[in-house]
Amino acid sequence: MSSRLPRPGRCVVMGVLNVTPDSFSDGGRYLHLDEALAHAATMAEEGADLIDVGGESTRPGAERVAAEVERDRVVPVIKELAADGLVLSVDTTRAAVAAAALEAGAAVINDVSGGLADPEMVHVAADSKAPIVLMHWRGHSRDMDRLATYDDVVTDVRNELSRRVDAALAAGVAPEQIVLDPGLGFAKRAEHNWALLHRLAEIRELGFPVLIGASRKRFLGSLLADGDSPRQPSGREDATTAISALAAVNGAWGVRVHSVRPSLDAVRVADAWVRGEP
Ligand code: PMM
């Protein structure tokens, strides 16, 4: 495994830092440099193993931003945080943004398109030797809800991820650099997300570390709905914590979350439970 991919001996907790005006649960909160840095410092104090810096919202229906805008949002934040010694990933589908982020000190690429959106992405990973998260994806945010059609969601996601792995390996990415992610909520309805969690073992069988991003997502809001009103993102934290514990018990390499402390507690409990000792 690449030395730059955190391996703390338990499930990794990746804290989310969205430097965007429009992400679904924290959009607009960390758009200014000082606010972004303060939030990252809080997540680091709480014990985040990795902080995921993103400059483009991927919520369903979101419009794209220009590459320069995305780069100018993430690079200054990454520079400052890397100088403070934090381990950072960059959440981007653009090779140029990933390259600029790595240059600024990011350690890991988190590509929600699994290398599909930009054919250069796998080459940036191959050349830099940076670990790369390949997430299952079928299309940009504007289109993804209509792309949620599957024969068997777990088999289809597994096969499509396997093809992304093949493309990365063909470009020269080493197997040790690769992390897979089933992409909960990305061209997935609630029943698809639950099937993927229920049968996580089938994704793990591909032989790569698996990252789970369920934090505050819509399917948790639907599960916890009061009649016809979905639970709002701010009320989905306990459910997110439950997912983190269950993901850890079920062998996930990491969880990507907005609130670090509860998920870190959860994965520590899960780890002690599985080991039968603290
Ligand atoms: N989800 C979001 C953004 N980036 N990256 C990975 N690897 N996995 C995810 O599930 C994922 C992601 C959704 O948006 P948010 O940043 O507002 O949570």
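A salt bridge here is a side-chain nitrogen of Lys or Arg within 4 Å of a carboxyl oxygen of Asp or Glu. Keep that in mind for the close-ups below, which all come from a predicted model.

**View 1. Aspartate 152 and arginine 199 form a salt bridge.** The closest N and O atoms of aspartate 152 and arginine 199 are 3.1 Å apart. This pair links distant parts of the chain: aspartate 152 sits in the loop between strand 5 and helix 5, arginine 199 in the loop between helix 6 (190–198) and helix 7 (200–204), and 47 residues separate them. Aspartate 152 has a relative accessible area of 28%, so it counts as partly exposed. Arginine 199 is partly exposed too, at 23%. Elsewhere, salt bridges that share partners join Glu56, Arg64, Glu70 and Arg94 into one network.

**View 2. Glutamate 63 meets arginine 142 in a salt bridge.** Here the N to O distance between the two side chains is 3.2 Å. Glutamate 63 belongs to the loop between strand 2 (50–54) and helix 2 (67–83), and arginine 142 to the loop between strand 5 (132–135) and helix 5 (153–170), so the pair ties together parts that are 79 residues apart in sequence.

**View 3. Arginine 71 pairs with aspartate 72.** The closest N and O atoms of this salt bridge lie 3.4 Å apart. Arginine 71 is partly exposed, with 34% relative accessibility. For context, the count for the model comes to 18 salt bridges.

**View 4. Welcome to the second largest pocket, with about 300 Å³ of space.** Its lining has 21 residues, and those nearest the pocket centre are Arg10, Cys11, Ala248, Gly251 and Ala252. Helix 9 (237–249) and helix 10 (260–275) each supply at least two lining residues. Which helix gives the most to this lining? Helix 10 does, with five residues. Sorted by class, the lining holds 14 nonpolar, two polar and five charged residues.

**View 5. Val249, Trp273 and Val274 make a nonpolar surface patch.** The patch made by these three residues covers about 370 Å². Valine 274 counts as exposed because its relative accessibility is 55%, and the cut-off for exposed is over 50%.

Technical notes: Residues are numbered from 1 along each chain as its sequence is written. This is a predicted model: local features need pLDDT of at least 70, side-chain atom pairs count only at pLDDT 80 or more; totals for chains, interfaces and linings use all residues. Side-chain values use heavy atoms; hydrogens and water are left out. On a 1 Å grid over the protein atoms alone, a cavity is a set of points where a 1.4 Å probe fits but cannot get out, and a pocket is an open set with protein on both sides within 12 Å along at least five of seven lines; lining residues have an atom within 4 Å of a point. Grid points are joined across faces, edges and corners, and a volume is the space filled by probe spheres set on the points. Helices (H or I, at least four residues) and strands (E, at least two) are DSSP runs, numbered from the N terminus. Ala, Val, Leu, Ile, Met, Phe, Trp, Tyr, Cys and Pro count as nonpolar, Asp, Glu, Lys and Arg as charged, and the others, Gly among them, as polar. Patches are made of residues with over 30% relative accessible area and no salt bridge: like charges are joined within 9 Å, nonpolar side chains (Val, Leu, Ile, Met, Phe, Trp, Tyr) within 5 Å. Accessible areas come from the Shrake-Rupley method with a 1.4 Å probe; for residues, only the protein chains shown count as cover. Buried means under 20% relative accessible area, exposed over 50%, partly exposed in between (1.4 Å probe, protein chains only).
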